[in-house]
Amino acid sequence: MAGKKAVEVYLDLLSQPCRAVQILLSCNKVPHTVRTVALRKGENRNPEFTKLNPMQKVPVMVDSGFVLTESDAILKYLVNKYNIPEHWYPRQPERRARVDEYTAWHQTNTRPHAAKVFILEVLLPRMTGSPPEPAKVDRALAELSGTLDKLDTMFLKRQPFLCGDDITLADLLAICELMQPLGGGRDILDGRPQLLRWRSRVQSALGDSFDDAHTVLYGLRDRNKARL
């Protein structure tokens, strides 16, 4: 629509949910403007951003004055409002419920368990200057392994994507989280052929938007490799 302001999104692409928002917008060609918020510099705590989100977290979306904060809500809002193919968040009740089922489970399983490995192997060593603690990393990997087992057998099963034959927001949120430990050089899907095939299908469906959004993470991985 002529004169309509593009959606604004406040993102740090080292953040997994931020990457999911960016990929959805980019691969569906929704006009948008990215406002970078560098968490490592504390830009999420400045007064201007805190007015937008008192929780001082990214992502944040502003659409013609409407401000929305949580990534799950942002993704579903974008699919509902803009010309984004229905398969991302189906209208049919049972199919939509399957996506909601995963996204609810995601917040207490895939997200914290994959993130913990990244925190222990990458963030804490960079903050403290101390190497990762092997015992803590092993415990985190054991927790993550249980989550990956459920992704494989409960959600993916023998279907192409987590919620059926088409890619959905469930796949997008999951893949962004499962890529995160790669920042420390760890491919957590190694040795899991069904999940590796799923990742390939997701990457293919997302095209260049996938690698573009993960450029920052790839750079972190490469810098960590160079230190070894």
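Predicted model: local features only at pLDDT ≥ 70, side-chain atom pairs only at ≥ 80, totals over all residues.
Residues are numbered from 1 along each chain as its sequence is written, and side-chain values use heavy atoms, with hydrogens and water left out.

**Exercise 1.** Determine how the axes of α4 and α7 are arranged, and which residues meet.

Solution. Begin with the axes: those of helix α4 (residues 93-106) and helix α7 (residues 169-179) come within 8 Å and cross at roughly 25°. Therefore α4 is roughly parallel to α7, a term that covers angles under 35 degrees. Next, list the contacts (heavy atoms within 4.5 Å): V99, Y102, T103 and H106 of α4 meet L169, A170, L173, A174 and E177 of α7. By class, the residues of this contact are 6 nonpolar, 2 polar and 1 charged.

**Exercise 2.** Identify the residues that touch the most other members of the largest nonpolar core.

Solution. This core has 67 residues, of which L78, L162, L172 and W198 touch the most other members. The largest share, 9 residues, is contributed by α7. Turning to W198, and not counting residues up to four places away in sequence, its partners include F161, A174 and L178.

**Exercise 3.** Decide whether N80 is buried, partly exposed or exposed.

Solution. N80 lies in helix α3 (residues 71-81). Its relative accessible area is 49%, and because buried means under 20%, exposed over 50% and partly exposed in between (1.4 Å probe, protein chains only), N80 is partly exposed. Beyond its neighbours within four places in sequence, N80 is in contact with Y89 and R96.

Notes
Axes fitted to C-alpha atoms, helices over the stretch in contact; angles between N-to-C directions. Helix = DSSP H or I, 4+ residues; strand = E, 2+ residues; numbered from the N terminus. Parallel < 35°, antiparallel > 145°, perpendicular 65-115°, else oblique. Nonpolar A, V, L, I, M, F, W, Y, C, P; charged D, E, K, R; others polar. Core = buried A, V, L, I, M, F, W, Y, C linked by side-chain atoms within 4.5 Å.
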